[in-house]
Amino acid sequence: MLGIASPELALAYVLCLAASVLCVVYGIIKWNDTGVLSMELQDSAKEDE
Amino acid sequence: MTIKIILALVYLVIVFWLAFKGWRETRQASDYMLAGRQMHPFVMAMSYGATFISTSAIIGFGGAAGMFGFPLLWLTVLNIFVGVFIAFVFFGKRTRRMGVTLDAHTFPELLGLRYQSRFIQGFAGLIIFLFIPIYAAAVLIGICRMIEVNLEIPFAHALLGFTVILAVYVITGGLKGVMYTEAFQGSLMFAMMLVMLVFAYSSLGGVTEAHQALTDLAPHMPENLKAGGMLGWTQGAQLGSPLWLVIYTTLVWGVGVGVLAQPQLAVRYMTVNSDRELNRAVLFGGVFIVAMTGIAFVVGALSNVIFFQSQAFAGKVAIQAAGGNMDKIIPVFVTDIMPEWFGVLFLLAMFAAAMSTLASQYHAGGTSLGRDFYEKGMGAQVSDPLKVNRATVGIIIIITTIWAWVLPPSIIAKATAFFFGLCAAAFLPCFFLGLYWRGVTRAGAMVSMVGGFIISAFYLLFVHSAESAPLGLCQAMFGVDSLALLAEKGSALWKLQFVDPNIVAMPISFALAFLVSLASAKLPKEHLDFCWKRL
């Protein structure tokens, strides 16, 4: 496939691109997901102390 | 030559100007983290990329791909899936929350606070201080080989000159995580790699045609590589052969997984303000890594055909064109095959790759020695932490330069893999379990970390022939270069000399953490509740 003799190495070639696409899709879906802010974590930790 | 040097100087002026600009703005901002949060996503993206990727990845591992071919693409798969996706999503978010809650400033400090142990912090700091210079030296050798080939400056002069420039850069604001500089550097790297890919494929007539030409070159694989099990650059290595073990256990697995426990990367998770930065970094990182290591490995492999067909190197494959030094394959390819204008810009892109990564390595090494080992581990009273930090960074720079001077040729990929493997064996179990399992105890973490380190060290000194032979201790004590040589030649035990230490040490380290934790005293419930409060 793609001129690459070994099927497993052709698979690696395709998976490089697939893994990259996975990262792009994840980043787009979670683009504005902030979770708990670090400043809130610091304040919360100080309260406990 | 004059134009090359002038362009290099122009580049350095831009970098220092941007570093100064960022440093001044950071000092004026009331909140350093807020300044980072307001950065344009493009600036953020390119800066992440510049710190992820170094000359080790492009020149060292690109050279390895020139020698071994497409099997290295499995490392790119792991770089993206493990080094970006799993690292940021499953390690990064929890590390940020736990790290900020515990007020940890370094990776060893995170471990020390999680397990309430000064020993763990000090020991982790000591390991990083002792061994990160070897990894940093690999990055330094990468840029110096490029300077040596492209500017025809002797390696020793390049080493000293670049170290001086870098020391000034680190002092003038490189440590502040100046994102303008890194964004400029990242953009340059990204553009140069794309040009290199287009050049390689177009000069060989297209994607499939280029791969096919490389496939057809297999009969010209050097005899010593064939003897080690190599079949061809797109055919890979024979399953279980010595070179198959080197490629997959050391270069692919060791580096691909070891990235999860890299101290200079883990620190980054704790410096962002929210999960948003990490989510976006997954997107940018995924694209950037495939454009960096993916292209470096494809072009590294294809360089065999291009060298072979060229007039200057007719009939020679990459490792022969580079005079037998794997680390010179990419520099020679860029200098002697690519157009001259590209050689200059690529050199500057490698300056960028080396500077941003070395700055973070020096910083991680310096804080490990000063804060983690000396101040926390040894319990020393420090009145001026900034002064101590500067001194320890200076020590790391000197040690790194010495390593870069004494290490042999074809070492970049191996030295990088050594540090990544060591981090995986010593830190990954207690780091990962510390984030996900309340049941892991202080004793479990300590035994795992020390055990992982000792097993790695034993394996390096007495079994893994790539290190045990030159170090000579095994020869002095047992009369052989590796204990594996005592087994029947070709047997599974004999082949252990080619298996990377982390394949053995990391599972044992995980097992030690698990078993010792089951049998030892638990950490106080209030402390665990505190660690887990906002996870």
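Mentor: Contact means heavy atoms within 4.5 Å. This is a predicted model, in which local features need pLDDT of at least 70 and side-chain atom pairs count only at pLDDT 80 or more, while totals for chains, interfaces and linings use all residues. Residues are numbered from 1 along each chain as its sequence is written, chains are lettered from A and ligands numbered from 1 in the order in which they are written, and side-chain values use heavy atoms, leaving out hydrogens and water.

Trainee: Which residues in α24(B) meet α19(B)?

Mentor: Helix α19 (residues 412-436) of chain B and helix α24 (residues 501-519) of chain B have axes that come within 9 Å and cross at roughly 25°. On the α19(B) side, the residues are B:Gly421, B:Ala424, B:Ala425, B:Leu428, B:Pro429, B:Phe432 and B:Leu433. Their partners in α24(B) are B:Asn502, B:Ala505, B:Met506, B:Ser509, B:Phe510 and B:Ala513.

Trainee: How many charged residues has the contact of α19(B) with α24(B)?

Mentor: Ten residues of this contact are nonpolar (Ala, Val, Leu, Ile, Met, Phe, Trp, Tyr, Cys or Pro).

Trainee: Are α1(A) and α5(B) roughly parallel or antiparallel?

Mentor: Helix α1 (residues 7-29) of chain A packs against helix α5 (residues 73-102) of chain B, with axes 7 Å apart and an angle of about 30°. Angles under 35 degrees count as roughly parallel and those over 145 as roughly antiparallel, with 65 to 115 roughly perpendicular and the rest oblique. The two helices are therefore roughly parallel.

Trainee: How many nonpolar residues has the contact of α1(A) with α5(B)?

Mentor: The residues from α1(A) include A:Leu9, A:Tyr13, A:Cys16 and A:Tyr26, and those from α5(B) include B:Trp74, B:Phe81 and B:Lys93. Two residues of this contact are polar and two are charged. The number of nonpolar residues is 18.

Trainee: Is B:Ser368 buried or exposed?

Mentor: B:Ser368 lies in helix α17 (residues 340-377) of chain B. Not counting residues up to four places away in sequence, B:Ser368 touches B:Pro108, B:Gly125, B:Ile128, B:Phe129 and B:Phe373. Because its relative accessibility is 1%, B:Ser368 counts as buried.

Key:
Axes fitted to C-alpha atoms, helices over the stretch in contact; angles between N-to-C directions. Helix = DSSP H or I, 4+ residues; strand = E, 2+ residues; numbered from the N terminus. Buried < 20%, exposed > 50% of the residue type's maximum accessible area, 1.4 Å probe, protein only.
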